[in-house]
Amino acid sequence: MKTFVCIKRVPDTSEAEVKVDATGKEVDSSRFSFDINDADNYAVEEAILIKEAKEGTVQVICLGPKDADVMIRMALAKGGDSAIRVEDPRIFAKDPLQVAKVLAATIKQEGDFDLVLTGCMSADNWNMAVGVALAEELGVPHAAMVNKVEVLDGKVKVNRELEGGLSEVLEVSLPAVLTIQTGINEPRYAPIRGIRAAQKKELKVLGLDDLGVAEDEVSEANSLIELMQMYVPELESKAEIIEGEPEEKAEIMAQKLVKGGLL
Amino acid sequence: MSNELIKGGAFLISQSNAEDVFTPEDFDQTHKMIDSMSRDFVHDKVLPRTDEIEAMEEGVIVNLLKEAGELGLLGVDIPEKYGGEDGDKISTLIVTENLSLNGSFATAFGAHTGIGTLPIVLFGNEEQKAKYLPGLASGEKIAAYALTEPEAGSDALNCKTRAMLSECGNYYILNGAKQYITNASWAHVIVTYAKIDNEKFTAFIVDGDSPGVSIDPEEKKMGLKGSSTCSVIFEDAKIPVENVLWEIGKGHQVAFNILNIGRFKLGAGCAGAGKYVLANAVDYALQRQQFKMPIAKFGLIKGKVADMAILNYVMESMLYRTGGLIEDLLSSLDLEGEGAGKKIADGIQEYAIECSINKIFCSEAFDFIADEGVQIYGGYGYSMEYPMERAYRDSRINRIFEGTNEINRLIIPATLMRKAMKGEIALIQAAQKLQEDLMMPMMPELSGEVLEEQENLIENMKKVFLMVSGTAVQKFGEAIQKEQEILGRMADMAILVFAAESAYLRAKKIVQQKDETAAELAIKMTECFVAEAVPKFDLWGKEVLAAMEEGDTRRTMLSALRKLTRFEPINLYERKRYIAKEMYEAKKYFVLK
Ligand SMILES: Cc1cc2nc3c(=O)[nH]c(=O)nc-3n(C[C@H](O)[C@H](O)[C@H](O)COP(=O)(O)OP(=O)(O)OC[C@H]3O[C@@H](n4cnc5c(N)ncnc54)[C@H](O)[C@@H]3O)c2cc1C
Ligand SMILES: Cc1cc2nc3c(=O)[nH]c(=O)nc-3n(C[C@H](O)[C@H](O)[C@H](O)COP(=O)(O)OP(=O)(O)OC[C@H]3O[C@@H](n4cnc5c(N)ncnc54)[C@H](O)[C@@H]3O)c2cc1C
């Protein structure tokens, strides 16, 4: 199996207060620590589990800044074989379609593949789109929100979690793209020995010119979406104090809940 | 980097360069990855099991150590050849910091990887290393270190345990009792000491299941309730002669060298735990509402948060500076072949003063941090339902084990004077030169560069140290040993010089590597720390001089002291409010902006 896994570096927004910077279009990320996107971490583990079971290679791909190298090498330390990081200021990374184009070009440049794994969504942008768009760009089938993978001959059997706890089982012919859900496995920790070995593995850094992608295919100017504004909604809280005897209070409360569609 | 190695203790008599100190901002990719992995491991695996650990549920700590072993976290200081990771001392510090968030686990980990394993790494012969180290690295075997006895605590050489060669000549027969031994109840390997033929103090490697070795019930302790602390009893214990560690009669070399590293690592544990307490306290202060607002908003709480942050910053700065010193020295050595361990031990011995300083400063800083942590939590800080109560109890032992802080305070001037006598550092010359300098007017030229005032004050702190120490040595000569109060103050001064200078050098290095904006927090924390350190030199200086000198000499010296400790006060409140605000926004300790 020749597997690619796409990973993204995201801020840990649970840690510090989220603030929008002066442009009104970017989050002020100076207080955050960054790490691999949660779902991508599961995708890395799944790729390595597949490699361990079926042999083959795992190549890590990341569109992101130099600071992402630590996270990329961590994936190599866990068992990835080599990595490519794409960095080019001309890429409009807020548009999932542009990102998918860049990732597709990177994968195509590396020749054939069997499987591409991505996280099902990124913790910062919540588009849930890159993996699916990537399948389209590569011209291969996909399955999204996958929570179980079994590699068969020439195809994979996957489980998808649907609304209301329903499960769907699909067979998808290879090559294919799967977007991986958190919880599908238990991501391992990179042992120190792996961490040291990872320093010696190949990590290529490429730009648009290396990939043969024209700027206007992936630039902000050519994107069909435009980011208008980001803001933190003001918190509002209204409290209504219900007066009266306990029974009356309960009655009024019940009415209100029914009326509000909460019961 | 200058190529010449910096001598241990030299910081007291010479100026250090920012380029020569290692700082957390110098971590390479491997360091950052080890940091991230070890932190994740503790947050995911250890902290959620705190209650089980504290209840001493069977197997919890031992299994966690094994999991840590699989990741290489127990083998950082062990050569690759014996199943270890052959990591540098910076990695040792990083792992120790991160694995110390729970005190009980930290102690089990520390006793195993530090004082338990290192004697074999550094002083074991080929066979001993091959036999024991792979299991200790993987966590399949747990180590303990049994030096303390009922009548031999600080006075470790007063060891009563005896060893006699058996008639067949194949065994030493050990008799005696060791007390307060960490990991005792689950240790497979115990490094211990006994006097052969009543005189030759010797180290032994004892298998936990050797005949004649028994472990008493658990000690009932104030804190570290999840760690094992028991007496180890030797009753005609049969120890094979090949388990003598290092040379017969040279046990003290093992014992004292191991403590240097133990002290340095204990400092790292306190730093890791200190940052964790701060993060919890900040989180709590932001959530707890009193008087219709988060208590975080109150100036007195901001002051506490800032003080805690400053101490964390200083701890980190001195620890990684020391780690860098040791690493530079070790990488200058040829560490191939049999004698390598001893060379490493001697190398670390070079920085015995710095190791003791780290131990004292960090254990006292963490005690302060845990105490203020309780205070920020108010009544909840006193309740076992919240984390501060345990942090407060767990912190206390750090001032006692690995050499009490009193013993470590005595080590600092004693080592310094020994180095001066041997001509290893030019202490006497520096003291003489100071006499001349003090005659000159002291108005340094300030060019307005950031932190230059602090730099100048730190140099003055060194001068006070030299003035006081020089006078004391002149006056008492050898008999200074009996003047413990003076020796203690000399140590206090040396500690604060190293602390303040490490803080200053790190801030300066951030300015050099990045810019003043990135260094803003580091600069403000350094300014606060120095502003609060200098008056102590005034106080301590007066105290010691008043005990030693009289009349005109005293007056002259006090006037010199006044000049050396004079400085323009800065607005501490404004700076501390800023520091607290930054910690609140990040909800944790951080430095680099
Ligand atoms: C939880 C715990 C875990 C431990 N783990 C281990 C372990 O794994 N292995 C091990 O070998 N030991 C261990 N110890 C023992 C520890 O190292 C000793 O308690 C410590 O060295 C102090 O010895 P002591 O208790 O006999 O105190 P003492 O030496 O009696 O000291 C009492 C007081 O007198 C002071 N004092 C002593 N001598 C002097 C002096 N010359 N000048 C001035 N003041 C002096 C001390 O500073 C202290 O304040 C542990 C202890 C505890 C509590
Ligand atoms: C063992 C024990 C016994 C007790 N017994 C009793 C009892 O018998 N009866 C009883 O009524 N209560 C009792 N208490 C409660 C005790 O009086 C409270 O815990 C105490 O008043 C602190 O209140 P708090 O815990 O809510 O802390 P908080 O008020 O939340 O304080 C938390 C921190 O914020 C600081 N802070 C709060 N407000 C300000 C401000 N305006 N400016 C600056 N700093 C501020 C505090 O000084 C503290 O450091 C007991 C508590 C304990 C632990």
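**Ground rules**
- This is a predicted model, in which local features need pLDDT of at least 70, side-chain atom pairs count only at pLDDT 80 or more, and totals for chains, interfaces and linings use all residues. Residues are numbered from 1 along each chain as its sequence is written, while chains are lettered from A and ligands numbered from 1 in the order in which they are written.

**Confidence**
- For the complex, the predictor gives an ipTM of 0.91 and a pTM of 0.94.

- Leaving out residues up to four places away in sequence, B:A494 touches B:L12, B:I357, B:I412 and B:F465; a contact is a pair of C-beta atoms, placed from the backbone, within 7 Å.

**Where B meets A**
- On chain B, 20 residues are in contact with 18 residues of chain A.
- Two elements give two or more residues each to this side of chain B: α1 (29-46) and α19 (572-586). Helices (H or I, at least four residues) and strands (E, at least two) are DSSP runs, numbered from the N terminus.
- The largest share, nine residues, comes from α1(B).
- By class, this side of chain B has eight charged, seven nonpolar and five polar residues. Nonpolar covers Ala, Val, Leu, Ile, Met, Phe, Trp, Tyr, Cys and Pro; charged covers Asp, Glu, Lys and Arg; the others, Gly among them, are polar.

**Around ligand 1**
- Ligand 1 is surrounded by 19 residues (C-beta atom, placed from the backbone, within 6 Å), the closest being B:G153, B:S154, B:T182, B:T404 and B:E406.
- On chain B, β1 (143-146), β3 (171-182) and α13 (405-421) each supply at least two residues of this shell, and the largest share, three, comes from β3(B).
- The shell divides into eleven nonpolar, six polar and two charged residues.

**Chain A**
- Chain A has eight helices and eleven strands.
- Of its 263 residues, 37% are buried.

Key:
Contact = placed C-beta atoms within 7 Å. Buried ≥ 20, exposed ≤ 12 C-beta atoms within 10 Å, placed from the backbone.
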